[in-house]
Structures are given as structure tokens and as C-alpha cells.
Amino acid sequence: MCFLLTITLVSFIYANVLITEIADPNNNANARYLELYNNGDEVITLDGMTLQRWTNGNADPTGTANLSGTLAPGSYYLVCKSTSEFLSVYGMDCDMTGGSPADSNGDDQIALFNADGALMDFFGVAGEDGTNTWHEFEDGRVERKADQTNGCMDLSGCE
């Protein structure tokens, strides 16, 4: 009983981290970033969590970033392609430089996994190039609807 309760609580706490924005700014590929948000009531330890990117129409992930640190309730965690460019363009620091997942050109897919490897949130459709689809944001950005408080738990996409 105690073991089941622990698993349930850990899954519940992890489920509070969401992908809330992914950006591919027009004319500045080095200013790309993605944003995570903790919509829960507890501090989340990000150590062991990963972001993965499926480039274009690849059926398998093509890049991974390992997260670290903590995320306070109601706070954002910014993963950028270039720390210096992010500071120059947006006037603030990002929380980490995230390599491939933060370097999406707007037709890729992004997933967030917890430390146990379980899917927490997903944007796009795995294996589908996002060009001319509902999940394309090339030269722009995509933002989660404010009323969507749960992550997409399906690699085939959630609109």
C-alpha cells in the first residue's frame, strides 16, 4: 500500500511540469528556446528528466537534453539554444543551454520525460514532419493554451 502511494505521488508531482512554449524566432536561429512550467504546488526536482526532439519526420528521437535543477511552483524553466544570444535578444538568462530540443526549426516534435522515462508531455506527432500541419511554428512560436493544465501523454499527438 505504501509503495503504491509513493508511485502515485511521484507520478502526480512529475505531471505538474508542462511544455508551455517553443520558439523559432524569425531571422535568429540562435535565439530559439523552449519553456517548461510547474503548475503544481510543490518544488519539482528536474534531475533525471529529459527533453527529446524528433527532427522533421523521423520516427525516432534525434536529440536529447538532460535537465537539472529545481522548478518552484508557478515558475518557468527556460531551455535555450545559446545562452549569450538568449540574453542579448530577451534581456534575461535562460536556465540551461539545451542543445537539440531547444534548437527546433518549427516543424519538429518535442517530448518531456520524467526520471523514470515515462512521457509527461509531448508536442507534435512522432514520425510526422510538422510542415503545413497543426503543429508547425516555423519562424514563430507555439504556446500552450492557458486552460490546458495537463500534459499530452500520447506520441501520436494531442491538439
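Modeller: In this predicted model, the largest pocket has a volume of about 370 Å³.

Biologist: Why is this space called a pocket?

Modeller: A pocket is an open set of grid points with protein on both sides within 12 Å along at least five of seven lines, whereas a probe cannot get out of a cavity; this space is therefore called a pocket because it is open.

Biologist: Which residues line the largest pocket, and which of them lie nearest its centre?

Modeller: The lining has 19 residues, and Phe123, Trp134, Arg144, Gln148 and Cys158 lie nearest the centre. At least two lining residues each come from β1 (17–23), β10 (119–123) and β11 (141–143). With four residues, β1 gives the most.

Biologist: What is the volume of the second largest pocket?

Modeller: The second largest pocket has a volume of about 200 Å³. It is lined by 13 residues, and Thr20, Tyr37, Tyr76, Arg144 and Ala146 are the closest to its centre. Two or more lining residues come from each of β1 and β2 (33–38).

Biologist: Which element supplies the largest share of that lining?

Modeller: That element is β1, with three residues. By class, the lining of the second largest pocket has four nonpolar, four polar and five charged residues.

Methods. Residues numbered from 1 in each chain as written. Predicted model: local features only at pLDDT ≥ 70, side-chain atom pairs only at ≥ 80, totals over all residues. Heavy atoms only, no water. 1 Å grid on protein atoms, 1.4 Å probe; cavity = no way out; pocket = protein on both sides within 12 Å on 5 of 7 lines; lining within 4 Å. Points joined across faces, edges and corners; volume = space filled by probe spheres on them. Nonpolar A, V, L, I, M, F, W, Y, C, P; charged D, E, K, R; others polar.
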